[in-house]
Amino acid sequence: MKRHIAQCTAKFTVKTLLAASAMVLSIAPALAGNAFKAEVTGQGQPLILIPGLASSGEVWQGTVKRFCGARQCHVLTLAGFAGQPAIEQPLLPAVEEELVAYISANKLEKPVVVGHSLGGFVALKLASDHPDQVGRLVIVDSLPALGATHMPDMTAEQLQSQAARMRAGMLAQDEATRAISQKRTVGAMVRAPADAERIIGWGQQSDRKTVANAMYQLMSSDLRGDLARIKAPTLVLGTWIAYKDYAPRTAIAETFKAQYAKLGGAQIELADTARHFIMYDDPEWMYARMEQFLK
């Protein structure tokens with residue numbers, strides 16, 4: 001996980017919107033504010049899908065094809081990421097506030113919230129602050145206290161200091177260094193070169209200040225104590241293979257278990273072949289577990 005932290009410090013992530021599939025029953029913009037764009041597909045049980053840092057909602061394209069037809073998917077792209085206009089206020093609190101209003105305005109009854117990476121963090125925060133508004137959670141390779149994976153006992157001040165240094169480093173990079181860092185980092189997060197190029201493109205279209213500040217918010221926060229408030233049954237899907245040179249599977253599994261210790265009944269599973277972007281590296285593994293969980 002130490003490696004994971006280092007990789008996340010420079011995670012940047014192109015274009016294209018959600019492709020329509022034969023299963024799509026409808027595509028319509030829903031009521032959304034400034035903190036995210038929402039694409040709505042299908043009819044039925046609502047699913048809200050939140051991408052990670054500097055990612056586009058396009059990352060859920062395969063997931064939408066698999067799950068959205070008999071279900072209604074709301075695919076978000078957050079402000080400042082992948083070509084979406086940035087906002088002035090801190091992104092993550094704004095997303096949470098607007099999601100609460102979005103769920104209410106669209107009359108989404110106990111939606112399933114699916115989040116990848118930073119999107120998983122947003123989902124956990126939403127479910128802990130508003131436990132009666134979320135039906136189920138699917139967290140894809142995300143932790144409630146990412147900054148504390150190497151040192152679980154870090155104080156709030158230490159987390160903030162560490163995150164501030166990370167943000168400063170990200171903002172100080174010149175463009176050439178940033179490009180090299182993007183390529184190296186994303187290359188460790190997904191196997192197929194075409195997927196890596198797509199993710200890098202999203203990063204190039206993202207607002208640099210928004211990305212750095214969102215990373216600060218993620219790395220300086222600790223939700224471990226808040227998880228006990230979550231009522232929604234939760235499925236956590238993690239990865240370890242990209243970090244095998246730094247920690248064995250058992251150690252990474254223990255980190256997930258410890259970080260989610262206060263989330264009673266959480267179902268945690270680790271993919272053995274996929275890297276961070278599980279939906280690209282091993283989609284069938286992810287879909288099978290989601291289908292079982294959502295029955």
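Rings of Phe, Tyr and Trp (for Trp, its six-membered ring) form a pair if their centres lie within 6.5 Å, and the pair counts as stacked with planes under 30 degrees apart, as edge-to-face over 60, and as tilted for the rest. In this predicted model, a search of the whole structure finds three aromatic pairs.

One of them joins F67 and Y287, whose ring centres are 5.9 Å apart and whose planes stand at 80°, so this pair is edge-to-face. Because F67 belongs to helix α2 (residues 61-67) and Y287 to helix α11 (residues 283-294), the pair ties together parts that are 220 residues apart in sequence; helices here are DSSP runs of H or I with at least four residues, numbered from the N terminus. F67 is buried at 2% relative accessibility, where buried means under 20% relative accessible area, with a 1.4 Å probe and protein chains only. Y287 is buried as well, at 7%.

Another pair is formed by F277 and Y280, with centres 6.2 Å apart and planes at 15°, so these rings are stacked. F277 is buried with a relative accessible area of 0%, and Y280 is buried with 19%.

Charges also sit over rings, which requires NZ of Lys or CZ of Arg within 6 Å of the ring centre and within 35 degrees of the ring normal. The charged end of R136 sits over the ring of F293, 4.9 Å from its centre, while R167 lies over the face of Y216, at 4.0 Å from the ring centre.

Residues are numbered from 1 along each chain as its sequence is written, and side-chain values use heavy atoms, leaving out hydrogens and water. Local features need pLDDT of at least 70 and side-chain atom pairs count only at pLDDT 80 or more, whereas totals for chains, interfaces and linings use all residues.

Note on methods: Helices (H or I, at least four residues) and strands (E, at least two) are DSSP runs, numbered from the N terminus. Buried means under 20% relative accessible area, exposed over 50%, partly exposed in between (1.4 Å probe, protein chains only).
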